Amino acid sequence: MGWLIYLLLGIFVGIYIVVYAKINRDIFSPSLLFLLAYIVSVGCAVLNVKRWNIDMWFVTFAVLLIGALEFIIIGLLVDKKYERIWKKTRGASIANHGMISIAWWKMGLTIVFCIVYLILLGVNVMEIASRRGSYHSFSEALTLFKDATSMTLTYSLPWWLEQMERIVMICAYIYLYVFLRNVVWMGKGEVKEAIFKKAAYIIPVILYIFNGILMSDRLMILQILIAGIIMCFLEWTYKTGEKFISLKTIFMLVIAACIGLVIFYISAEFVGRINSKGLFEYITYYCGGSIECLNQYFKDPPMASELFGKETFYNLNRKLFDLGLLNIDEFYPIHLEFRFYHDVMLGNVYTAYRRWIQDFGFAGAFLLQGIMAFIMSAFYNRVKYGKFKNSGFWIVLYGYLVYTVVLHPIDGYFYLQCVSQTFVTTLLLMWLGYWFFTQLEISLKGGFSIHINSKWIFEKGRLQRRENGRK
């Protein structure tokens, strides 16, 4: 039934207009972010109906529609719960929330660490590429590296380098947050001055983007850009007490998104991706291919696996395998099978639903969808309305996770990311990193002292409570 995809797009657009105009004008709420992502994805698939010969099955239509309604309804119910908090505190800024700074020596240490990491990464990338095959350019080397480390498990970066990469990533998110927070809290006429004065905070972010280029991974670049937009909005909310942004700002974000898509297309060859498609075909392929891949999955599904959560909890299973707790002969790649229409490759991403349905059936998939919708919506509202004590850290963490909502039409990143030992370690390191950069102060003036946080200070050889500490 080829007309179903057009009906689905019309329903999504209609729901978005109604929800935005009548219920929730916050375009950054998880429910509206989720729906907008699927409008873009389904819309790009519609533009390729003839090229891909899309004949949407009713089961595909039903899964996408029911899943969206579930996410939106849960999200709106959570939003309504926190609406009462908004009415009580409307127009009020978050107490003791304002500009923060990072000591110059911490910044220098961070930049040196990031540069050393990038050098070591470059050496390892080239070494793996040379073992995989011969190359004549940097782009060809990245192609070999990407094929070797993502499509097979034969090659991988050293464990210690992966841990360094995690620290570089955490530094990038924290520094980006500090930069945006300071810019937002500057006076109206001081924003340009703040951008120039605090420009050094962007250096770790730029170095992290170079990390994404060296690893031929544009997803991590997209993640931090999404995080930056959300973190900036949340800080703006704290300062102004406003609940949503204007239509003018929304229009500017749309323009910025279009520019970003063009850059995404141009960057393909530079990061080692083989591309023979034009701009329009390439963008719609990346944004909409998952819809038809999901449709083809229902038409021709692979055999079910007896391994619990084989696709959904991939990273957890990999850790269990490394520990010898998973009874399988060899581990499997994270990538799913490719789908084609004649000689046209549609890709190997299927939306988040594919992994969940393959592992747990329709009932399990909708249960996982509901859990994700509740957690992300509650997390967003608690951050937005300042319900966490250390709001800065929680903004950084939410910014780190929000891409799982935006990229739901691509893959099931929420459970791939969160249900793993790696996430627990990242969470701990992120908390330590935020504390180190924003709360720990070391002073040599008037004697050696360490300001541990707003309440405690170590000086004169003993730990003591501060009476009028900075919050």
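User: Which residue forms a salt bridge with Glu337, and how far apart are the closest N and O atoms?

Analyst: Happy to walk through it; keep in mind that this is a predicted model. Glu337 pairs with Arg354, and their closest N and O atoms are 2.7 Å apart. The pair links distant parts of the chain, with Glu337 in the loop between helix H13 and strand E1 and Arg354 in helix H14, 17 residues apart.

User: Is Arg354 buried or exposed?

Analyst: Buried means under 20% relative accessible area. Arg354 has 1% relative accessibility, so Arg354 counts as buried. Glu337, at 27%, is partly exposed.

User: Where does the salt bridge of Arg355 lead?

Analyst: Arg355 forms a salt bridge with Asp411, with 2.7 Å between the closest N and O atoms. Arg355 is in helix H14 and Asp411 in the loop between helix H16 and helix H17, 56 residues apart. Both residues are buried. As for networks, shared partners join Glu311, Glu337, Arg339 and Arg354 into one.

User: Now the helices: at roughly what angle do the axes of H7 and H15 cross?

Analyst: Two packed helices are described by the angle and the distance between their axes. Here the axes of H7 and H15 come within 10 Å and cross at roughly 120°, which makes H7 oblique to H15. The crossing is right-handed. Residues in contact include Met169 and Tyr173 in H7, and Ile395 and Val396 in H15. By class, this contact has 7 nonpolar, 2 polar and 1 charged residues.

Technical notes. Residues are numbered from 1 along each chain as its sequence is written. This is a predicted model: local features need pLDDT of at least 70, side-chain atom pairs count only at pLDDT 80 or more; totals for chains, interfaces and linings use all residues. Side-chain values use heavy atoms; hydrogens and water are left out. Axes are lines fitted to C-alpha atoms, for helices over the stretch in contact, and angles run from 0 to 180 degrees between N-to-C directions. Helices (H or I, at least four residues) and strands (E, at least two) are DSSP runs, numbered from the N terminus. Angles under 35 degrees count as roughly parallel, over 145 as roughly antiparallel, 65 to 115 as roughly perpendicular and the rest as oblique. A crossing is left-handed if the near helix is turned anticlockwise from the far one by less than a right angle, and right-handed if clockwise. Contact means heavy atoms within 4.5 Å. Ala, Val, Leu, Ile, Met, Phe, Trp, Tyr, Cys and Pro count as nonpolar, Asp, Glu, Lys and Arg as charged, and the others, Gly among them, as polar. Buried means under 20% relative accessible area, exposed over 50%, partly exposed in between (1.4 Å probe, protein chains only). A salt bridge is a side-chain nitrogen of Lys or Arg within 4 Å of a carboxyl oxygen of Asp or Glu.
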